[in-house]
Amino acid sequence: MPAKRTTRKRPVSFDDIARIKFVRSPVLSPDEETICFVVETAADDKKKYNSHLWRCRVDGSDVRQLTFGDRGDSSPAFSPDGRYIAFVSKRGDHPGIHLLPTDGGEAKPLVEKDGAFADLVFTPDSKTIVCMYRENDPPGMTEKGYEEKKKSDDGKKPKRETPVYRHITRLFYRLDGAGFLPKDEFHIWAFDVETGEGTQLTKGRFEEMSPAISPDGKTVAYVTNRRPDPDRDPNRMELYTVPIRGGKTRLIPTPEGPVEHPSFSPDGKLIAYLGHDEPDSPFGVVPMHTWVVGSKGRPAAKNLTPKFDRQPVDDTISDTGEGFGMIAPQWSRNGRTLTILGTDTGATLPFTMPRRGGIPTPLFGGKYHVQGISFGRRGKRAALLIGDDTAPAEIGIVDLDKKTPRPRTLTKINGDWLKEVLIAKPQEVSFRSTNDTKIQGWVLKPPNFKRGRKYPSIIEVHGGPRTQYGYTFFHEMQAFAANGYVVMYTNPRGSQGRGRAFTEAIVNGWGTVDYEDVMAAADWLEKQPYINKKKMGITGGSYGGYMTNWVVGHTHRFKAAVTQRSVVELKTFFGSSDLGWLWRHEFGGQYWENPEGYERMSPLTYANNIRTPLLIIHSENDLRCAIEQGEQLYTRLKYLRRTTELVRFPEEPHGLSRNGRPDRRIARLEFIINWFDKYMKR
């Protein structure tokens with residue numbers, strides 16, 4: 001009898017980032033029987049991504065694609081009557097909201113306008129869609145011609161071209177990944193589902209966000225910042241309501257501080273939201289809590305989770321997930337409990353809490369990365385976007401009416417790819433740093449690891465710094481391990497997932513205990529019997545690039561280093577970053593208020609000490625850490641005749657490694673591994 005043939009698996013390659021299908025945005029149908037979601041795939045030429053709507057049944061059957069073509073479909077939302085799936089797409093000259101019948105047929109445009117649509121929400125009677133909408137500037141118009149063009153548009157599509165000039169009057173006028181912002185702000189609109197006719201519910205110079213609709217369909221809640229200069233005080237948000245047909249807005253008093261993602265209780269008497277009451281705190285340090293307030297202002301706002309020392313945000317980073325997602329507090333059908341997402345010690349999980357308040361507890365345990373969750377109208381199930389450290393996220397389901405809910409994975413969108421490749425299982429480790437601080441980390445060995453052999457290694461430092469590595473799939477780590485490296489990644493102090501004190505430890509102290517924790521990781525790693533201590537490398541992006549710069553300016557223990565989209569000089573970061581002025585609480589004031597601190601914490605101060613071969617990678621359209629940061633470091637080192645090279649990626653923003661053009665994501669990985677190979681494998 002002939003032997004059974006088996007297919008030999010291959011190592012993960014850099015090109016696989018263009019083969020992985022990225023699952024996004026699950027939404028559960030009102031009857032809780034169907035899940036709609038988005039699948040994003042690289043185009044054949046690897047120069048862009050396309051995204052389409054898919055669906056599956058809650059038992060995992062009938063997995064199929066719903067929309068097709070060379071386009072990007074996103075933001076699906078079911079109508080409460082189950083007849084339509086609304087979504088955002090550009091299928092004509094302009095983006096718009098489209099309606100896809102759930103019983104079959106082609107999608108039809110409801111409204112198309114030259115602008116951006118976000119946060120689609122149906123009214124309970126399914127007759128109206130409420131959303132955020134922001135109009136683009138007219139193509140090629142200068143400041144002088146802006147109003148004239150709006151008034152005299154002849155209906156023809158103007159050619160979009162670079163304007164003669166840009167006249168800037170605001171502090172916040174550009175955003176990484178979006179570029180220069182239009183003059184218009186996001187406002188709340190309502191569109192009739194039958195006619196497409198739109199009504200602008202909010203107007204003026206202030207931006208309004210996160211619409212939520214009352215159970216009776218008569219009122220829209222939203223958040224806004226109406227300070228005299230919102231750009232200087234972005235954390236001072238307010239909660240408002242407005243009638244669904246338009247009219248006078250109503251302020252719902254809340255404590256001074258951020259207010260995000262409102263949601264009405266089932267009886268409409270309360271509004272839950274996420275926020276805190278320390279608006280002058282450093283970014284990401286104070287946990288956002290779940291609050292409730294009367295939908296007419298009484299009872300007064302109450303913090304339900306004052307002792308919950310975790311962020312209600314998906315702060316687990318990956319190069320295969322969207323990250324940084326935050327959901328509105330989800331009410332149970334009887335209004336007795338609420339559910340949020342929470343970041344905790346490497347995991348992102350749904351947490352539930354009683355309506356009266358208390359410390360939230362996980363809906364289910366486990367080492368998971370839950371990137372999204374959607375609830376139906378019956379309150380018996382929730383759809384999940386869930387993954388772990390051995391596979392990209394897929395669609396899952398959890399039964400809420402079970403005594404002990406357990407998540408189940410429904411789809412295998414990347415099943416065929418996973419059958420081809422060798423996936424290394426990360427080993428979770430912990431070790432002690434200075435002050436006996438426990439540090440969490442992971443080690444990824446080459447898939448064909450051999451005992452007795454000494455391997456070169458790469459330490460990865462995450463960005464943020466208010467993020468965490470965790471139980472999530474990282475293509476980059478897998479690909480580096482497949483190229484013969486032991487990869488270690490950790491959560492030093494300053495990271496999320498361990499509470500406020502852990503996160504706050506580096507405020508006005510970058511390059512102190514965080515550096516000690518990274519060095520403790522290197523100490524732990526080099527003691528392992530499989531590590532060649534003379535061939536250790538380090539890399540990181542954004543804050544991780546900052547720390548890479550800091551490390552090579554303070555020690556020569558690493559054989560090679562790669563710094564990516566990094567912060568180099570804090571003083572110039574203030575003015576060159578799209579949000580640089582907002583970091584004053586992080587760095588002990590603005591640079592003219594704390595010049596010694598800025599110089600002490602800037603890696604450029606120590607650049608003359610750098611002897612480690614350093615590759616500098618930066619994107620030319622990076623508005624978060626502008627390319628001048630990388631240029632300063634490269635020019636200094638090149639002038640000093642140190643071993644350095646600069647790789648610039650045209651057109652790309654700060655998030656190249658997560659959402660850049662596929663061919664450029666591949667090129668980035670190739671540059672990194674070639675640099676390490678050059679100095680650690682020869």
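Begin with glycine 82, which adopts a positive phi near 80° in the hairpin of S6 and S7, where 5 residues lie between the strands. The model is predicted, so local features require pLDDT of at least 70 and side-chain atom pairs count only at pLDDT 80 or more, while totals for chains, interfaces and linings use all residues. Residues are numbered from 1 along each chain as its sequence is written, and side-chain values use heavy atoms, with hydrogens and water left out.

Next, select strand S6 (residues 74–78) with S7; the two pair in the antiparallel sense over 3 bridges. Strands (E, at least two residues) and helices (H or I, at least four) are DSSP runs numbered from the N terminus, and two strands pair if DSSP finds at least two bridges between them. Alanine 77 stands opposite alanine 86 of S7.

Tyrosine 84 has proline 101 in S8 as its bridge partner. A hairpin with 4 residues between the strands is formed by S7 and S8.

Is S7 (residues 84–90) largely enclosed or open? Of its 7 residues, 6 are buried, so S7 is largely enclosed by the rest of the structure; buried means under 20% relative accessible area (1.4 Å probe, protein chains only).

Finally, move to helices H3 (residues 475–482) and H11 (residues 662–680). Select His475, Glu476 and Phe480 in H3, which meet Arg668, Leu669, Ile672 and Ile673 in H11; contact means heavy atoms within 4.5 Å.

Definitions and conventions:
Axes fitted to C-alpha atoms, helices over the stretch in contact; angles between N-to-C directions. Buried < 20%, exposed > 50% of the residue type's maximum accessible area, 1.4 Å probe, protein only.
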